[in-house]
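Reader: I have a structure open and I'm new to it. Can you walk me through some of it?

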Amino acid sequence: MKRKTETAAKPSRTAKNNDTLTFMARPAGPGPKTAFTAIRQENNSYGPKTESIKQSFAGHLKYTIGKDAFSATGRDYFHTVAYTVRDYLIDKWLETHRSYHYDDAKRVYYISMEFLIGKTLENSIVNLGIESALSKVVKEYGADLNEIISIEDEAGLGNGGLGRLAACFLDSMASMDIPGYGYGIRFEYGMFRQQIKDGRQVEHPDNWLRYGNPWEFPRPEYIYPVKYRGRIHEFTDEKGARRHEWVDCETVMAMAYDIPVPGYRCTTVNNLRLWSAKSSRDFNLEYFNHGDYIKAVEDKNGAERISKILYPNDNSPGGKTLRLMQEYFLVSATLQDIFRRFKNHHASFSELPDKVAIQLNDTHPSLAVPELMRLLVDTEGLGWDQAWDITVRTISYTNHTVLPEALEKWPVKLLEEALPRHLQIIHEINHRFLKEVYSRYPGDIDRLKRMSVIEEGDEKMVRMANLSIVGSYRVNGVAAIHSEILKNDIFPDFSSFYPGKFTNKTNGISQRVWLKKANKPLSSLISARIGPGWVTDLFELKKLARFSEDKAFCAQWRGIKAANKEALGAYIEKTAKVKVNPASLFDVHVKRIHEYKRQLLNVLHIVTLYNRCRENPLYDMTPRTFIFSGKAAPGYGTAKKIIHLINAVAGIVNNDPSVGGRLKVVFLPDYNVSLAERIIPAADLSEQISTAGTEASGTGCMKLALNGALTIGTLDGANIEMREEIGAKNFFAFGLSAAEVVELKKRGYDPYSYCSSDPELKRALDMIGGGFFSPDNLEEFRDIVRSLTDWGDNFMVLADYAGYVKCQERVSGLYKDPDEWTRISILNVASMGKFSSDRTIREYAEEIWGVKSQQRGADRLPAAAP
């Protein structure tokens with residue numbers, strides 16, 4: 001290979017795959033030794049930080065990666081940069097946790113099945129403030145920092161909003177110097193990688209750990225036994241107390257892996273601890289010695305599958321069992337680790353609520369309630385009443401859903417088999433709780449049935465939400481309307497029984513991730529006009545409002561949006577093979593595919609516009625590009641069919657010359673954090689159109705609005721509070737309210753009446769159900785239409801259709817006035833202060849957890865990059 005001598009030459013690919021990306025340009029000089037000598041001896045032209053980065057980078061490339069500038073691949077450079085950046089985190093990471101230890105600070109333990117953290121490298125670079133210096137260093141090797149960042153695989157630790165929220169909360173806790181730990185599972189495989197083949201979703205394994213994870217630190221010294229099955233041995237101790245011992249169990253070992261979580265400017269670096277399942281023994285030597293090699297490793301593989309994949313399909317008994325085992329694995333290992341840390345300072349568990357705050361992120365970790373009781377009663381020897389008092393003052397629970405089918409339940413028989421001691425404890429909790437309920441409401445048997453942790457029926461079930469409410473100090477919803485629905489509609493009996501237990505904590509997002517990192521041009525423009533204070537105090541964005549009438553500023557604002565749309569358009573053409581008009585209105589609907597999120601309503605509108613264009617070549621339509629992205633759960637057939645329908649409609653619409661380029665439809669596969677960071681800065685319109693009363697909060701609406709997109713939405717979830725902040729006239733609201741949805745269902749909702757009275761709606765449904773978009777199989781989408789017209793239309797798509805189409809006409813009219821559109825876009829961003837996860841975490845810390853900021857100076861942090 002001929003060596004080039006240009007110092008700053010652009011990288012060239014030797015293959016399409018980033019894994020084999022090789023940077024052909026090399027530092028000038030006769031060889032690597034001379035080149036590195038030159039780097040070490042070079043004057044400090046960029047400042048001390050750049051010089052130290054250069055030394056760290058060179059050292060890691062040679063001594064950690066074992067390569068030089070002539071043999072390194074793109075992935076080698078990624079790992080070198082990652083280790084270089086990691087060097088700047090470790091000192092502060094260790095200092096942070098020493099201070100927690102010495103101060104004996106009360107700590108937050110955030111337990112979640114998901115942490116959708118995205119790409120750690122870029123986030124760490126932004127929080128350290130070293131992007132400029134690091135970019136200059138890698139450029140000397142002929143490399144481009146953005147190319148290197150793109151090589152990183154996203155951590156397969158989450159699926160959607162639940163995991164992204166958890167990641168934002170970790171960012172905010174660290175940025176606000178709050179002693180916080182995240183606890184999750186180190187899934188070897190994420191949910192899945194989504195491909196679209198013949199218009200249909202195809203799932204592939206998400207082997208995100210294939211090339212290793214430079215951010216994780218294995219901690220074999222922190223390994224705990226997690227027990228399953230077995231039997232309960234009851235006995236009387238020396239004091240005459242009745243005791244229980246869980247014996248003859250199957251044991252899986254949980255080993256810790258730590259990932260540093262830097263806050264902004266890295267004054268604090270908190271910890272995300274993930275558990276990996278290990279067999280309690282490598283294999284059964286007896287089987288091995290007798291030649292049965294498969295049987296010898298069977299137990300080992302069975303144990304380690306617990307942390308193999310995120311969200312196994314639980315439509316089968318085996319899938320349900322594995323899912324339950326995962327949830328217990330997470331809480332058992334976590335609580336053992338919390339106890340170990342607590343015992344370093346305290347001998348009495350009566351102090352536990354003063355030093356430990358455990359937050360359950362939805363019902364997945366709700367087994368923490370009986371597990372904490374088991375540890376306190378069976379292992380530590382506390383009496384039931386004392387243990388229960390400690391438990392309910394330590395645990396808090398966040399509910400994330402109002403859909404009854406999403407409120408987790410487990411068959412009693414499954415718990416009896418897998419976790420027999422926990423079922424005993426749950427029965428005892430329920431027995432004592434129902435005695436309290438009965439004493440307050442004597443004779444009210446129906447109330448007892450509603451509030452019981454055990455649901456009676458042909459198959460008895462454990463209601464995990466009820467268990468979490470009974471065993472928690474506080475229960476919070478995640479948007480004002482959601483919290484009211486919880487109190488008044490979903491859990492009214494609990495709300496009246498526990499006055500003050502239910503509260504609201506409206507979700508938020510990290511502006512450091514979703515504006516400063518995701519939309520650097522807009523971030524720079526904002527900071528140039530109002531200063532950088534918004535990065536840590538999002539309410540500072542209010543200062544933007546006065547620039548909404550500034551023509552020069554508005555022109556810059558529009559220019560940034562146009563450039564972002566050009567970039568996304570190029571990406572769409574490259575990946576989806578669809579050429580879009582960047583000047584068209586980018587109408588964005590990106591989220592998990594689910595009936596209640598109503599991607600179908602959007603499709604009906606697209607078909608309506610398509611018909612108008614076909615019928616009238618002169619139809620004055622604002623050109624639109626509809627952009628969809630999102631995954632359907634593998635076992636959710638209807639959601640997968642919706643994806644197929646979107647792609648089928650796109651295939652017809654995009655290739656019909658009668659449309660005249662006025663309408664394009666695109667589905668971008670494999671929605672994740674990185675793809676969101678491409679789409680969101682380019683969005684003009686944000687689709688937040690769930691049926692009112694079904695979306696707990698939603699944070700996609702916040703991310704899009706923070707990047708200047710206008711919102712069309714129902715009065716659901718966080719939409720309501722966003723509309724209050726932004727102003728009703730700056731928000732495209734439509735549709736039934738949550739109360740109107742309930743009332744219409746009570747009166748008797750007849751979806752077919754809407755279809756028969758609206759010719760455009762009827763025509764769109766007939767085309768979909770009749771095979772217009774599926775000529776090779778005329779019945780392909782018939783069931784989708786029947787779900788709307790004949791099977792109840794559970795999410796009121798047809799009831800909201802006319803209002804939605806009319807509201808979209810208002811959108812089109814406003815987009816034709818770019819000055820007014822830009823003005824409202826600026827006002828949207830200026831009104832987003834409330835929706836920072838920093839505000840949310842501050843409310844949790846002050847009103848639920850009772851923790852304080854552990855502020856430390858930034859003296860060890862190198863100065864910001866020039």
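Reader: What kind of model is it, and what does the protein chain average in pLDDT?

Author: It is a predicted model. The protein chain averages a pLDDT of 91, and 91% of the residues score at least 70.

Reader: Where does the pLDDT stay under 50?

Author: Residues 1–48 stay under 50, and the model has 88 contacts for them beyond four places in sequence. Residues 857–866 are also below 50, with 23 contacts beyond near neighbours in sequence.

Reader: Now the sheet. What is the order of its six strands?

Author: The order is β19-β18-β17-β20-β21-β22, in an open sheet with parallel pairing.

Reader: Which strands stand at the edges?

Author: β19 (663–667) and β22 (732–733) do. Each has a single partner strand, so one side of each has no neighbour in the sheet.

Reader: How many bridges join β21 to β22?

Author: Two bridges join β21, residues 710–713, to β22, and the two strands run parallel.

Reader: Which strands does helix α24 touch?

Author: Helix α24, residues 637–653, packs on the sheet and touches β18 (624–629) and β19. The direction of α24 makes about 145° with that of β19.

Reader: Which residues of α15 are buried?

Author: They are Pro 420, Arg 421, His 422, Leu 423, Ile 425, Ile 426, Ile 429, Asn 430, Phe 433, Leu 434 and Val 437.

Reader: At what angle do the axes of α12 and α15 cross?

Author: Roughly 100°, and the axes of α12 (residues 368–379) and α15 come within 9 Å.

Reader: Last one: is Ala 72 buried or exposed?

Author: Ala 72 counts as buried because its relative accessibility is 0%, and buried means under 20%. Ala 72 is in the loop between α2 (48–64) and α3 (74–103).

Reader: How far apart are the C-alpha atoms of Ala 72 and His 644?

Author: They are separated by 42 Å, with the two residues 572 apart along the chain.

How values were computed:
Residues are numbered from 1 along each chain as its sequence is written. This is a predicted model: local features need pLDDT of at least 70, side-chain atom pairs count only at pLDDT 80 or more; totals for chains, interfaces and linings use all residues. Side-chain values use heavy atoms; hydrogens and water are left out. pLDDT is the predictor's confidence in each residue, from 0 to 100. Contact means heavy atoms within 4.5 Å. Helices (H or I, at least four residues) and strands (E, at least two) are DSSP runs, numbered from the N terminus. Buried means under 20% relative accessible area, exposed over 50%, partly exposed in between (1.4 Å probe, protein chains only). Two strands pair if DSSP finds at least two bridges between them. Axes are lines fitted to C-alpha atoms, for helices over the stretch in contact, and angles run from 0 to 180 degrees between N-to-C directions.
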